[in-house]
Amino acid sequence: RPTELHLLDRHGDSLLHLAIRRVDTAAVRCVLAAGFDVNTRSAGNWTPMEEAMACVQACVGADAAADVKAKAVAAQQVLREIHLAVQLDEQKRWAGRRETVLRTLRSMPDFSAVLAWRIGSYMLGVATLLRRFLPSDTYRIRKRGVRVRVDSTLAGLDYDALTWHRGLLSLIIRFDSGYGEIWGDM
C-alpha cells in the first residue's frame, strides 16, 4: 500500500531508488526497515532490484582504482539487501496465495503435457542462420495431486561460442511441502 515513504521526487525516483543509486547500504536498510514496498517502480519503470543490478554492473565496468573497488563491494552489499528483501516479500505473498493455489490444484485432474517450442523465421537464408542462435526446447509438464514437475533440456547460453547449453533439468514443485523440502519420485 503506497504511503508517503513511496513518493517520487521531481525526477521520478523513490527514496529506495536514490539510496541504491548512491550505494548507501545503511540508507537502503533503513528504508526497507520502514516498510518500503520492494515492488515499487520509479517513473522510469525500474524496480529496486533492477536499479541495484545496474549499480553493480556500472561499478564492475569502471576503473580499477581502490575507491571504485570499494564502491563495487558496497554495490554488491546493496544488491544483497535488495535481493533478501524481495525474497522475504515473495514468501509473504506466497503465504497469502498458498491456500488458493492448493485448492485449485486439488480441483484439477492430474495430467501430463508436452510443449515443444522453437523461435525461428521463414525468410530464405535467414532461418538457417537464426537456428544457430535462437533456442528451442520441449517441456514435459506433469501434475499429480498438488505436485508439478517440468522437465527441460535448455540449460543456458555460452556467450563466447554463441551456442545454447543443453542438459537435463527438472523443476519439481510440491506445493504442500514446507520450504526446503525435497521431493523425489513423481
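Here are some notes on the predicted model, going from the overall layout to a few side-chain details.

1. Overall layout. The protein chain has five helices and four strands. Reading from the N terminus, the order is α-α-α-α-β-α-β-β-β. The chain has 186 residues, and 28% of them count as buried. Its accessible surface is about 12800 Å², with 57% of that belonging to carbon and sulfur atoms. As for contacts with a separation of 6 or more, 54% come from residues 24 or more positions apart.

2. Aspartate 13. Have a look at this one, in the segment before helix 1 (15-21). Is it buried or exposed? Aspartate 13 counts as buried, because its relative accessibility is 11% and the cut-off is under 20%. Setting aside neighbours within four places in sequence, aspartate 13 touches Leu7, Leu8, Leu18, Arg21 and Ser42. With Arg21 the link is a salt bridge, at 3.0 Å from N to O.

3. Arginine 21 and its other partner. Arginine 21 also forms a salt bridge with glutamate 51, where the closest N and O atoms are 3.1 Å apart. That pair joins distant parts of the chain: arginine 21 sits in helix 1 and glutamate 51 in helix 3 (residues 48-60), 30 residues apart. Taken together, Asp13, Arg21 and Glu51 make up a network of salt bridges.

4. A salt bridge between strands. The structure holds 10 salt bridges, and another one to check is arginine 166 with aspartate 137, whose closest N and O atoms are 3.8 Å apart. Arginine 166 is in strand 4 and aspartate 137 in strand 2 (residues 136-144), so this pair ties together parts 29 residues apart in sequence. Aspartate 137 is buried, with a relative accessible area of 6%, while arginine 166 is partly exposed at 45%.

5. Helix 2, side by side. Which residues of helix 2 (residues 25-33) are buried? They are Thr25, Val28, Val31 and Leu32. Viewed down the helix axis, these buried residues fall within an arc of 130 degrees, so they line one face of helix 2. The background is simple: an α-helix has 3.6 residues a turn, so residues three or four places apart point the same way. On the other side of helix 2, Ala26, Cys30 and Ala33 are exposed.

6. Helix 2, the two ends. At the start of helix 2, a side-chain oxygen of aspartate 24 comes within 3.3 Å of the backbone nitrogen of alanine 26. After helix 2 comes glycine 35, which has a positive phi, near 100 degrees.

7. Aromatic pairs. How many aromatic pairs does a search of the whole structure find? It finds two. In one of them, the ring centres of tryptophan 94 and phenylalanine 175 are 5.7 Å apart and the planes are at 40 degrees, so the pair is tilted. This pair links distant parts of the chain, with tryptophan 94 in helix 4 (residues 66-107) and phenylalanine 175 in the segment after strand 4 (163-174), 81 residues apart. Both tryptophan 94 and phenylalanine 175 are buried.

Definitions and conventions:
Residues numbered from 1 in each chain as written. Predicted model: local features only at pLDDT ≥ 70, side-chain atom pairs only at ≥ 80, totals over all residues. Heavy atoms only, no water. Buried < 20%, exposed > 50% of the residue type's maximum accessible area, 1.4 Å probe, protein only. Arc of directions from axis to C-beta. Polar contact = N/O pair within 3.5 Å; in protein donor to acceptor, adjacent residues only side chain to side chain. Contact = heavy atoms within 4.5 Å. Areas by Shrake-Rupley, 256 points an atom, 1.4 Å probe, with all protein chains shown as cover. Phe/Tyr/Trp six-rings, centres within 6.5 Å; stacked < 30°, edge-to-face > 60°. Salt bridge = Lys/Arg side-chain N within 4 Å of Asp/Glu carboxyl O.
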